[in-house]
Amino acid sequence: MIFLDENGDELQEIISVPESDVNQYTPVTHALAVIKAGEDYLMGFNHWQKAWEIFGGCIEEGETIRECIVRECREELGIEVTDFEYLGLMKCYLAPDYFSKEWRIEYGGLFGITLREGELEKILKSNERDEEEIEKVSLYKSIPKGEKIAGIDEKLLGYWK
């Protein structure tokens, strides 16, 4: 196990499997992206979770993990990003929540993005993102002390250097 958060959710491992082979694991339910901006990381404050987190979400029917993360970054950040680096497949053991009343194993794609010149400024000024879900964005080092950061997401920052 890599990390256990305060809800009982476990990030069990990052599996080194080619992106083309992720569907041999089931269920693959989501994709997340660690976004690097210079020497810092970009995070969003999730309205419903009341915590800072990395970007991503659930795979919609018929989507690949890459299509999911492209869509989620467009929705949550208001930008079109195409240069994602696939980092591996996350294996998580999740506590009962909004999505399921049962403890369960789920897999998700993990990607890394390095913002190009000017993209951070565009994101910070954008009114094109889904502010209903992501209330605000910030660099990790600028998040005020004491504000909640999703534990697994914070741990995942270290996977994109």
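Y25 is partly exposed, with a relative accessible area of 23%, whereas Y107 counts as buried at 10% relative accessibility (buried, under 20% relative accessible area; exposed, over 50%; partly exposed, in between; 1.4 Å probe, protein chains only). The model is a predicted one, in which local features need pLDDT of at least 70 and side-chain atom pairs count only at pLDDT 80 or more, while totals for chains, interfaces and linings use all residues. Residues are numbered from 1 along each chain as its sequence is written, and side-chain values use heavy atoms, with hydrogens and water left out.

Strand β8 covers residues 104-114 (strands are DSSP E runs of at least two residues, numbered from the N terminus). Nine of its 11 residues are buried, so β8 is largely enclosed by the rest of the structure. Strand β3 (residues 28-37) runs parallel to β8 and is joined to it by eight bridges; strands pair if DSSP finds at least two bridges between them. V28 has Y107 as its bridge partner in β8. Strand β7 (residues 85-94) runs antiparallel to β8, with nine bridges, and G88 is partnered there by L110.

Six aromatic pairs are present (Phe, Tyr or six-membered Trp rings with centres within 6.5 Å; planes under 30 degrees apart are stacked, over 60 edge-to-face, the rest tilted). The ring centres of Y25 and Y107 lie 5.2 Å apart with planes at 50°, so this pair is tilted. Y25 belongs to the loop between β2 (10-15) and β3, 82 residues from Y107 in β8. Y86 and F111 form an edge-to-face pair, at 5.7 Å centre to centre and 65° between the planes. F111 is buried, with a relative accessible area of 0%.

Notes:
Helices (H or I, at least four residues) and strands (E, at least two) are DSSP runs, numbered from the N terminus.
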